[in-house]
Amino acid sequence: WLNGMAGSRKSTISRTVAQSFVDQGLHGASFFFKRGERDCGTAALLFPTIAAQLAAKETALTVHIKAALEADPAVIHKAHPIHRYSLRRAI
């Protein structure tokens, strides 16, 4: 996690690092939190987004993601320990 005051270029640093991984063919998935954004302001879509990106990038993972969803269709809605923390403070 990058932590710092507003305007300290955390997003710029994160996006630069992510783009570097893309350029090197090492990027699997990414998710950027943005305060005030409905889809990017909370962790609710973090795991579904990462799972979808990884499945698109590495199709061998699709069978495992599918199995997890078939075993427990509500898994994407369950609280994860990461939800216990205020991500707004970490960003």
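I shall describe the overall fold and then turn to two residues.

Please bear in mind throughout that this is a predicted model. The protein contains four helices and zero strands. Read from the N terminus, the order of its elements is α-α-α-α.

How much of the protein is buried? Of its 91 residues, 12% are buried. The accessible surface amounts to about 7,100 Å², and carbon and sulfur atoms account for 59% of that area. As for contacts between residues at least 6 apart in sequence, 45% of them join residues at least 24 apart.

Is Lys10 buried or exposed? Its relative accessibility is 14%, and because buried means under 20%, Lys10 counts as buried. A polar atom of the Lys10 side chain lies 3.1 Å from the backbone oxygen of Gly4.

Let me now move to His27. This residue sits in the loop between H1 and helix H2, the latter covering 46-57. With which side chain does the side chain of His27 make a polar contact? The partner is the side chain of Ser30, at 3.3 Å.

Leaving aside residues up to four places away in sequence, His27 touches Ala18, Phe21, Val22, Gln53 and Lys57.

Key
Residues numbered from 1 in each chain as written. Predicted model: local features only at pLDDT ≥ 70, side-chain atom pairs only at ≥ 80, totals over all residues. Heavy atoms only, no water. Helix = DSSP H or I, 4+ residues; strand = E, 2+ residues; numbered from the N terminus. Buried < 20%, exposed > 50% of the residue type's maximum accessible area, 1.4 Å probe, protein only. Contact = heavy atoms within 4.5 Å. Areas by Shrake-Rupley, 256 points an atom, 1.4 Å probe, with all protein chains shown as cover. Polar contact = N/O pair within 3.5 Å; in protein donor to acceptor, adjacent residues only side chain to side chain.
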